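Trainee: I would like a close look at a single part of this structure. Please keep it brisk, then show me what surrounds that part.

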Amino acid sequence: MKLNLLVASIAIAGAANVSAAPNYVDFPVTVKGYEGDAKHSVSYSGQAARQVLHTSLKKLSGQGNGQPNAELKAKMLSYFAAKDAGRSILSPVTKGAFIVDQSGVDQLSKKKNLVGKVYKGSVPGWPGGMTGPEVLESMIDKASSSNKGYDPLTGYDYQQLISKFVMGAVFYNQAVDNYLDEKLAADIKPNSQPYKAGKQYTGKEHVWDEAFGYFGAPANTLNLNAEAVYKIAKQKSDALALADFNGDGKVSLYNEMAYAHAYYAAGFDKGGKTTYLHNIVQAFVDGRQLLTDAKGENLTDAQRTELKTHASTIADNWQLVIAEAVFKYAGSTYKDLQKLNKLIETNGDIAKEFRGYAKHWAELKGFALALQVGNKNLGETAVKLNRLIGFSPVLLGNTQVMGLDAKGNYLQASSIDMKQYMLHMLKVQQLMVDQFGVKARNKDVLADMGELADKLSSGVSAEND
Amino acid sequence: MSYENIVRYFIIETNWLELYQQVIVAFTDPKKRVFWGYLLLSVFVAFVWLRWFKRKDSKQAFFTIFSRKVWWSQSAKADYAIFLINKLSFLFIAPLIITQLAVATWLFEYLHELLGYRIIIGDEWPKWIIVTLFTLTYFLLDDFSRFYVHKLLHEVPALWLFHKTHHSARTLTPITVFRTHPVEGIIFALRSVLVQGILIALFVFFFGPKADLYTVLGVGLFAFLFNTLGANLRHSHIGIGYPDWLERYLISPVQHQIHHSTDPRHFDKNYGVILAIWDRLFNSLVVSTRGQFLAFGLSREEKKGEQNLFFIYFSPFKELSSLLKAKKSANKSKGEKLKI
């Protein structure tokens with residue numbers, strides 16, 4: 001009898017340890033005077049809605065047929081700018097064994113759009129001297145009339161450009177330059193009041209939740225490794241089990257799916273050199289716990305300082321994730337240029353390789369623009385980055401887009417040649433290393449040199465022969 | 001800045017754990033020449049030499065190898081002190097020296113600019129050809145640059161002042177390799193950084209990911225061979241020589257001992273490390289003579305205080321300033337003569 005009790009208690013202790021890490025779900029209601037029947041105070045459905053608006057917009061961006069298409073443009077704008085009811089989630093959808101719960105945007109949240117939350121400052125890295133919303137509207141317009149979102153004359157892959165820039169200008173900017181910045185101040189959305197009358201979450205709790213929602217990580221991330229979160233974002237066949245932590249047989253697009261920069265963080269972390277995903281989510285969870293512990297009172301100075309430390313951790317790691325992406329795609333573009341140069345010299349068929357080059361360039365550019373819409377003014381680094389990458393990929397005639405004319409058409413002029421552009425890609429990687437200290441360094445053009453240097457070197461010491 | 005404050009600064013700033021690790025690592029890392037494995041092998045080789053070629057019995061051989069007169073001489077004690085002092089000072093100096101990766105990266109980018117693009121040679125070649133080419137080229141360039149820098153350290157008066165520290169050793173043990181003035185240490189470090197940096201950049205630029213080094217236990221092939229075959233015996237009193245014809249290709253331990261010899265006929269000879277061909281090329285090669293007696297040091301007689309650490313570290317600077325003053329006044333008088 002005693003033995004059974006012992007075994008049972010060990011088993012229970014063991015089971016309790018299995019799910020040891022906290023998730024971003026079970027935070028209780030702390031709002032004083034709350035009279036509703038919600039059990040938890042976590043809520044970021046508006047942000048989840050915007051995640052699927054983004055992924056759906058990305059899908060639409062690739063559906064052009066090469067002719068001006070007012071219908072497609074209107075549809076894209078409805079996801080980008082309108083608040084229509086009844087918009088269906090075009091992506092992510094059920095894929096094989098990966099069953100998705102919601103199919104309509106309204107099931108997550110109603111009356112949400114992206115344009116209202118886009119960074120409103122100027123975007124010097126894009127031709128035309130436009131603001132964030134203007135850049136995206138221009139891209140949407142051009143995407144709708146391009147063949148599958150790609151314009152071979154300028155080398156613009158609008159699908160990638162739109163997606164990567166939305167992630168930066170909406171999700172990243174809103175999180176690190178709004179919710180985790182100004183909104184943490186004492187006099188804005190205080191913790192002693194509900195966010196809005198009658199809500200089950202305080203001002204600060206909701207502000208924090210919204211930032212978390214924009215990052216795009218599953219609520220249960222701390223119990224998953226980077227590889228698992230990556231698989232979830234990719235909707236792999238074995239990912240349902242990993243994602244479905246409430247066991248209802250479906251992946252909730254609200255808090256079980258992986259999106260946006262969380263997906264990229266997972267992608268870098270699964271290489272084993274970095275832990276961005278867990279750093280960020282742990283900081284989110286710790287901050288949320290701090291707010292729960294405040295028990296519906298205004299934060300003390302000490303608490304606010306601690307909360308801001310967590311916010312800093314999140315912002316710094318998030319910035320690094322984007323810098324790593326810039327690094328990776330600069331490396332991919334470098335390798336594409338190498339292959340292209342070779343094909344050109346041997347008179348090979350470049351069409352496929354060129355499309356790959358354009359895609360990688362657009363990813364590079366989108367992330368580079370995203371890097372510049374955080375909460376820090378990147379100063380000279382931003383200027384260097386924009387000049388190195390330019391307004392468009394270097395095209396076959398050694399031209400690049402240099403600006404926009406009055407009618408909004410792209411102007412091209414002669415630039416450096418594709419061979420010199422390779423050096424620019426190398427310098428972009430160097431810039432990411434020097435200014436941000438990236439560690440994952442995927443597609444490192446200099447990787448081979450680092451390895452050889454390690455093999456040859458035996459340390460510096462004063463030795464004779 | 002009082003003396004006390006300076007000492008206090010160094011005591012606080014020194015990462016004592018790192019110093020301890022560096023000292024230990026010198027004997028535990030196969031990349032280092034005094035890795036215990038190499039030392040053991042050197043003892044073994046010395047033993048075989050003394051038993052087989054010199055016909056000594058085991059006891060004699062043992063006491064020859066581990067002679068107190070050698071390992072606990074005034075000079076050897078200075079070696080040990082210098083080893084530790086240099087490890088300490090290089091904790092501060094090493095981070096200031098440019099790395100081979102920095103040199104390689106600079107050259108790699110410069111090649112892009114110079115040539116305008118990146119061309120990969122030998123795309124169709126099997127990897128082993130490129131690895132062999134790199135390993136061989138590195139070996140030759142490394143060995144030649146060591147020879148040449150060593151030659152300069154003897155023949156350029158200002159540099160000799162610092163290299164004298166190493167030659168002031170009266171007894172030779174594997175630790176004597178660390179009897180180096182920090183200034184010379186910096187010069188050697190820069191040589192290594194330049195050779196490695198340039199070669200890495202060139203090979204990776206032109207051959208891409210196939211550029212690699214043959215290694216054994218993580219050590220470059222030739223360095224490994226050199227160390228296993230008794231490189232440590234160069235600084236010893238075990239006069240292991242090769243047949244004449246071989247000594248014209250490979251520097252034997254005794255040929256390096258000749259380099260340290262106090263006999264003026266042996267001055268400025270046998271600069272080579274592994275290959276003897278460079279000394280042949282520059283007419284500085286001496287082959288060994290069976291049974292010759294060698295004494296080591298800067299002069300036949302021992303001078304008072306020549307093993308004093310203070311003297312060893314600071315006299316080169318004093319002599320350097322005298323040298324420069326002498327040059328200045330020589331130039332001045334030369335100029336005055338010309339005016340007439």
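Which residues of helix 7 of chain B meet which residues of helix 10 of chain B?

Mentor: First, the ground rules. This is a predicted model, in which local features need pLDDT of at least 70 and side-chain atom pairs count only at pLDDT 80 or more, while totals for chains, interfaces and linings use all residues. Residues are numbered from 1 along each chain as its sequence is written, and chains are lettered from A and ligands numbered from 1 in the order in which they are written.

Now your pair. From helix 7 of chain B come B:Gln100, B:Val103, B:Ala104, B:Leu107, B:Phe108 and B:Leu111. They meet B:Val193, B:Leu194, B:Gln196, B:Gly197, B:Ile198, B:Ile200, B:Ala201, B:Val204 and B:Phe205 of helix 10 of chain B. Contact here means C-beta atoms, placed from the backbone, within 7 Å. By class, the residues of this contact divide into 12 nonpolar, three polar and no charged. (Nonpolar covers Ala, Val, Leu, Ile, Met, Phe, Trp, Tyr, Cys and Pro; charged covers Asp, Glu, Lys and Arg; the others, Gly among them, are polar.)

Next, the geometry. The axes of helix 7 and helix 10 of chain B lie 8 Å apart, at an angle of about 40 degrees. (Axes are lines fitted to C-alpha atoms, for helices over the stretch in contact, and angles run from 0 to 180 degrees between N-to-C directions.) That angle makes helix 7 of chain B oblique to helix 10 of chain B. (Under 35 degrees is roughly parallel, over 145 roughly antiparallel, 65 to 115 roughly perpendicular, and the rest oblique.) The crossing of this pair is right-handed. (Right-handed means that the near helix is turned clockwise from the far one by less than a right angle; anticlockwise is left-handed.)

The contact between the chains takes 40 residues from chain B and 23 residues from chain A. On the side of chain B, the elements giving two or more residues are helix 6 (74-93), helix 7 (100-115), helix 8 (127-155) and helix 10 (182-207). That side has 19 nonpolar, 12 polar and nine charged residues.

Chain B as a whole has 15 helices and two strands. (Helices, H or I of at least four residues, and strands, E of at least two, are DSSP runs numbered from the N terminus.) Its radius of gyration is 23 Å, close to the 20 Å from the globule rule for 340 residues, so chain B is as compact as a globular protein of that length. (The radius is taken over C-alpha atoms; the rule is 2.2 Å times the number of residues to the power 0.38.) Along its principal axes, the C-alpha trace of chain B spans about 65 × 60 × 55 Å.

Helix 5 (residues 132-144) and helix 6 (residues 158-179) of chain A have axes that come within 10 Å and cross at roughly 160 degrees. These two helices are therefore roughly antiparallel, and their crossing is left-handed. Among the residues that meet are A:Leu136 and A:Met139 in helix 5 and A:Ile162 and A:Phe165 in helix 6. The contact has 11 nonpolar, two polar and one charged residues.

Another pair is helix 7 (residues 203-215) and helix 11 (residues 276-293) of chain A, whose axes come within 10 Å and cross at roughly 165 degrees. That makes them roughly antiparallel, again with a left-handed crossing. A:Lys204, A:Glu205, A:Trp208, A:Phe212 and A:Phe215 meet A:Ile280, A:Phe284, A:Gly287, A:Arg288 and A:Leu291.

Last, the backbone of chain A. Chain A has 16 helices and four strands. Strand 3 (residues 399-404) and strand 4 (residues 410-414) of chain A pair in the antiparallel sense over five bridges; pairing needs at least two DSSP bridges. A:Thr399 stands opposite A:Ser414. In this hairpin, A:Gly408 takes a positive phi near 85 degrees. A:Lys148, in the loop between helix 5 and strand 1 of chain A, has a phi near 55 degrees, positive in a residue other than glycine. A cis peptide bond joins A:Ser91 and A:Pro92, and A:Pro92 sits in the loop between helix 3 and helix 4 of chain A.

Technical notes
Contact = placed C-beta atoms within 7 Å.
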